[in-house]
Amino acid sequence: MLSFRLPTFAFRLGFLALTLICATASAQPYPNKPVRLVVPFTPGGSSDIVARLIGQKLTELWSQQFVIDNRPGAGGALGAETVAKAAPDGYTIIFANPGPALHNVVLRKKPPYTLDDFAPIAYVGYTPNLIVANSKLPYSNLKELVAYAKANPGKINWASPGTGSNPHIALELLKVATGIDVVHVPYKGAAQALTDMAAGQVDAQYASIASSEPFIKTGRLKVLGVSGAKRQAVIPYVATFTEQGVQGADSMLWFGFLTAVKTPRALIAKLNDGVNRALQMPDMRSRLENLGVEIEGGTPEKFGAFIRSEAERLRPLVMTGKLQIE
């Protein structure tokens with residue numbers, strides 16, 4: 001009898017040990033392994049720049065790597081879909097802007113995912129959109145560009161980081177507001193579009209201060225106008241759209257963190273706390289402000305409510321056929 005019970009006892013002991021090991025591992029504080037931070041655009045754009053800054057702070061805060069995973073394509077939809085389908089364990093999150101988080105849902109006839117596939121983590125902030133152009137072109141501000149475009153319909157090649165991206169939708173809003181006819185040239189990311197524009201291969205585009213700053217400083221690009229209610233401190237010489245007589249075309253580029261919808265509330269709360277702590281660090285605030293980012297922060301609920309309000313703002317334009325990306 002003893003020869004039969006020993007293996008059974010050993011098996012049970014081993015099973016108990018394995019259970020204790022698993023329980024101990026699961027009880028370890030989050031994060032206990034690297035976190036995948038999906039940026040649904042190419043390196044070098046504004047989302048990539050800001051995501052890397054915050055990701056580094058989170059890495060320092062928790063001594064776990066927040067690994068940037070650039071997944072460009074389809075206006076950010078490819079990266080967003082990756083996160084929507086990921087395990088809801090807090091280890092795959094997305095640094096989103098309006099393209100992947102909103103435009104691909106509201107403006108497509110067959111969206112690859114819905115707003116309900118994501119859980120908001122934190123609202124980082126927003127930055128006004130600039131209109132930038134190759135320095136050698138004959139227009140020096142937005143008012144002159146509009147006049148040139150009306151006199152030369154279809155002659156301006158207008159770049160964007162992709163169909164459905166924030167700069168693309170900003171362009172569509174400008175076309176509705178002014179009646180201009182320009183040729184949309186979609187790229188796979190902002191960095192390549194800006195590089196080609198500096199080389200004269202395309203004429204103009206919407207961009208953020210973060211992504212266009214190096215080109216502006218070297219004189220390869222000029223800023224024609226800035227969206228929003230006020231001029232920006234880092235480029236005070238650039239007039240707003242409204243100051244130049246263009247109404248109804250204001251837009252902004254906002255940023256925030258999302259994750260898969262069924263992620264436990266406790267993990268979302270910890271991520272939210274980490275992001276808010278990072279945003280309040282003096283060196284982080286200084287860097288973001290120099291990039292023209294107005295810092296928001298706040299609760300997951302605040303970010304979720306903001307996204308829903310932005311969706312409702314776009315729906316009338318979709319329903320009237322004035323704005324679409326397909």
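The tour starts with the whole chain and then moves from part to part.

**Before you start**

This is a predicted model: local features need pLDDT of at least 70, side-chain atom pairs count only at pLDDT 80 or more, and totals for chains, interfaces and linings use all residues. Residues are numbered from 1 along each chain as its sequence is written, and side-chain values use heavy atoms, with hydrogens and water left out.

**Stop 1: the whole chain**

Show the chain as a cartoon. The protein chain has 11 helices and 11 strands. Helices (H or I, at least four residues) and strands (E, at least two) are DSSP runs, numbered from the N terminus.

Now colour by burial. Of the 326 residues in the protein chain, 50% are buried. Buried means under 20% relative accessible area, exposed over 50%, and partly exposed in between (1.4 Å probe, protein chains only).

Contacts come next; a contact means heavy atoms within 4.5 Å. Among the contacts in the chain with a separation of 6 or more, 79% are between residues 24 or more positions apart.

**Stop 2: the five-stranded sheet**

Select β5 to β9. They form an open sheet in the order β7-β6-β8-β5-β9, with mixed pairing. Two strands pair if DSSP finds at least two bridges between them. Which strands are at the edges? They are β7 (183-186) and β9 (221-226), and each pairs on one side only.

Zoom in on β5 (residues 130-134) and β8 (residues 204-207). These two strands run antiparallel, joined by four bridges. Pick V132, and you will find Q205 of β8 opposite.

**Stop 3: helix α8**

Select residues 209-217, which make up α8. Its buried residues are I209, A210, S211, S212, F215 and I216. They pack against α2 (46-62), β5, α7 (190-198), β8, β9 and α10 (282-290).

Stay with S211. Is S211 buried or exposed? S211 counts as buried, because its relative accessibility is 6%. Its side chain makes a polar contact with the side chain of S208, at 3.1 Å. A polar contact is a pair of N or O atoms within 3.5 Å; within protein, one must be able to donate a hydrogen and the other to accept it, and residues adjacent in sequence count only if both atoms are side-chain atoms. Leaving aside neighbours within four places in sequence, S211 is in contact with G44, G45, S46, I49 and L194.

Step just past α8. There G219 has a positive phi of about 80°.

**Stop 4: helix α6**

Select residues 166-178. Helix α6 has 13 residues and spans 18 Å from its first C-alpha to its last, close to the 18 Å expected at 1.5 Å a residue. That expected span is 1.5 Å times one less than the number of residues.

Why is α6 largely enclosed by the rest of the structure? It is so because 10 of its 13 residues are buried. Those buried residues include H168, I169, L171 and L174. After α6 comes G179, with a positive phi near 80°.

**Stop 5: the largest nonpolar core**

Select I54, I93, F95, V124 and F257. Of the 29 residues in the largest nonpolar core, these touch the most other members. A nonpolar core is a set of buried Ala, Val, Leu, Ile, Met, Phe, Trp, Tyr and Cys residues joined through side-chain atoms within 4.5 Å. The largest contribution is from α2, with five residues. Another core, of 22 residues, lies apart from this one, and A96, A101, L102 and Y123 are among its members.

Return to V124. Not counting residues up to four places away in sequence, V124 touches residues including I54, F95, F257, V275 and L279.

**Stop 6: strand β10**

Select β10. This strand is mostly covered, with eight of its nine residues buried. β10 pairs with β3 in the antiparallel sense over four bridges, and A96 stands opposite G256 of β10. β10 also pairs antiparallel with β4, over nine bridges. Here T127 has L253 as its bridge partner.

**Stop 7: two loops**

Select Y30 and P31. A cis peptide bond joins them, with omega about -5°. P31 lies in the loop between α1 (2-27) and β1 (35-39).

Finish at S63, in the loop between α2 and β2 (66-70). S63 is not a glycine, yet its phi is positive, near 55°. S63 is exposed, with a relative accessible area of 66%.
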